[in-house]
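Hello,

Here is the structure I promised to pass on to you. Have a look at it first, and then read my notes below.

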Amino acid sequence: MKREPIGLYLHIPFCRSKCPYCDFCSYPRPTNELMESYTHELVRRIREAGKTYGETLPASVSHSGEGTTSRRLTLDTVYFGGGTPTLLPPSCIRELFAAIREAFVILPDAEITVEGNPAAAGREALSVWRECGVNRLSLGSQSAQANELKALGRLHRWEDVEKTVTDARAVGIENINLDFMLGIPHQTPASLADTLSRALALEPTHLSAYTLMLEEGTPFHRRGRAALGLPQNEEEADEQAVTLWEQACAILQEAGYEHYEISNFARSGFRSRHNLHTWQCRDYLGLGVAAHSCMNGVRFGQSRDLEGFLAGKDITEFTEILTPADRESECIMLALRLSDGIDEQEFSNRFDKDFWHTYGHICIPFIEKGLMGREGGRVYLTEAGFPVSNAILAELI
Ligand code: SF4
């Protein structure tokens, strides 16, 4: 039996500055020397992982990447996330790709994404990413309004987003995702409509819209809702978030985008294949500080210890062996984020039980209320069901 291709995630934890709401693992103002040291260590770990997982492949599932028998794992997606990977110097980008191609087999039609910040992704840098194989750019755009970008502490202006999209296309990167935020200080339904209309004018293949969260430990969290001009209590904030989210869904669907995941929208054929690895409970390997993985039924994550990482130490923060029951709950939870929902046949192949027989009685009341649907061998949340997904999941798992 052939092993399924996996997704590879590489975390690049550097940014030009630290946004006051950001809880991602990123360190501001890195020197070139630091980024080079990080790259060298990441390369070492890429090689090590390629060897470790390659050795576990039985000969019958070996792949023949370039005509020779190879025991390398096959990748159908590669994702450079961060942080701001587009900050990396060209020599680091080339070094990383050489290591990935040596350690793994990248399928010819693989989706290879780099995350970029419109304030740090010039045409020259993008052309190096493209030359190395990148075919998808995910841009942290957030808003088209100057006052909202300023409130978020972002360094870019909307014009930088427009320029970066033009530059990406000029170097041959046509598959472009724009990330937006909902619930930004000063945001109104009118400003959101204007932001999305400007975004649509750029004809991205994919858009994501996530709600601003006040994460513990961030300057935004310390300042608090009142000082930021946000709704004072959770309930009000949730209500506002749902209203803006519904507005975004309506605008983007009207423009012809598939609302294929709670927070994600795509032109037909442009769903994020990398993120689908997670949502479809398929294996992915994450390397670098703060990177998470799920491989062969084991979930594990790296800590944020940059110093330890650079010193070559094992920085594994947790390892969790998933029981069949864990896998089942996780698959239900993640699949219901997708408009396709749960494929009953696949569920039965995977868990050796009939989904409807086991969970149908819980789903029926939600179907009657129009919050879930069952059609074509699939059970899914409807548009009305997405905003109350947590309550539905609480009943199911
Ligand atoms: S650019 Fe992105 S990763 Fe970097 S600090 Fe801002 S939000 Fe965080």
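The chain has 14 helices and 17 strands, where helices (H or I, at least four residues) and strands (E, at least two) are DSSP runs, numbered from the N terminus. Please keep in mind that this is a predicted model, in which local features need pLDDT of at least 70 and side-chain atom pairs count only at pLDDT 80 or more, while totals for chains, interfaces and linings use all residues. Residues are numbered from 1 along each chain as its sequence is written.

First, the overall build. A compact globule of 397 residues would have a radius of gyration near 21 Å, and the chain agrees with this at 21 Å (taken over C-alpha atoms; the rule is 2.2 Å times the number of residues to the power 0.38). Along the principal axes, the C-alpha atoms fill a box of roughly 55 × 55 × 40 Å. Of the 397 residues, 40% are buried, that is, 20 or more other C-beta atoms lie within 10 Å of their own C-beta atom, placed from the backbone. Among contacts between residues at least 6 apart in sequence, 69% join residues at least 24 apart; a contact here has C-beta atoms, placed from the backbone, within 7 Å.

Next, the ligand. The residues around the ligand include Cys15, Lys18, Cys19, Cys22, Phe24 and Asn117, each with its C-beta atom, placed from the backbone, within 6 Å. This shell divides into four nonpolar, six polar and one charged (Ala, Val, Leu, Ile, Met, Phe, Trp, Tyr, Cys and Pro count as nonpolar, Asp, Glu, Lys and Arg as charged, and the others, Gly among them, as polar).

Now for some strands, which pair if DSSP finds at least two bridges between them. Two bridges join β15 to β17 (residues 378–381), and Ile342 has Val379 as its bridge partner in β17.

Elsewhere, β12 (residues 292–295) and β13 (residues 298–302) are antiparallel, with four bridges; one of the bridge partners is Phe300, for Ser293. Their hairpin has two residues between the strands, and Asn296 takes a positive phi near 50 degrees there. β13 also pairs with β14 (residues 316–321) in the antiparallel sense, over five bridges, and Gln302 has Thr316 as its bridge partner in β14.

Enjoy exploring it!

Terms used
Buried ≥ 20, exposed ≤ 12 C-beta atoms within 10 Å, placed from the backbone. Contact = placed C-beta atoms within 7 Å.
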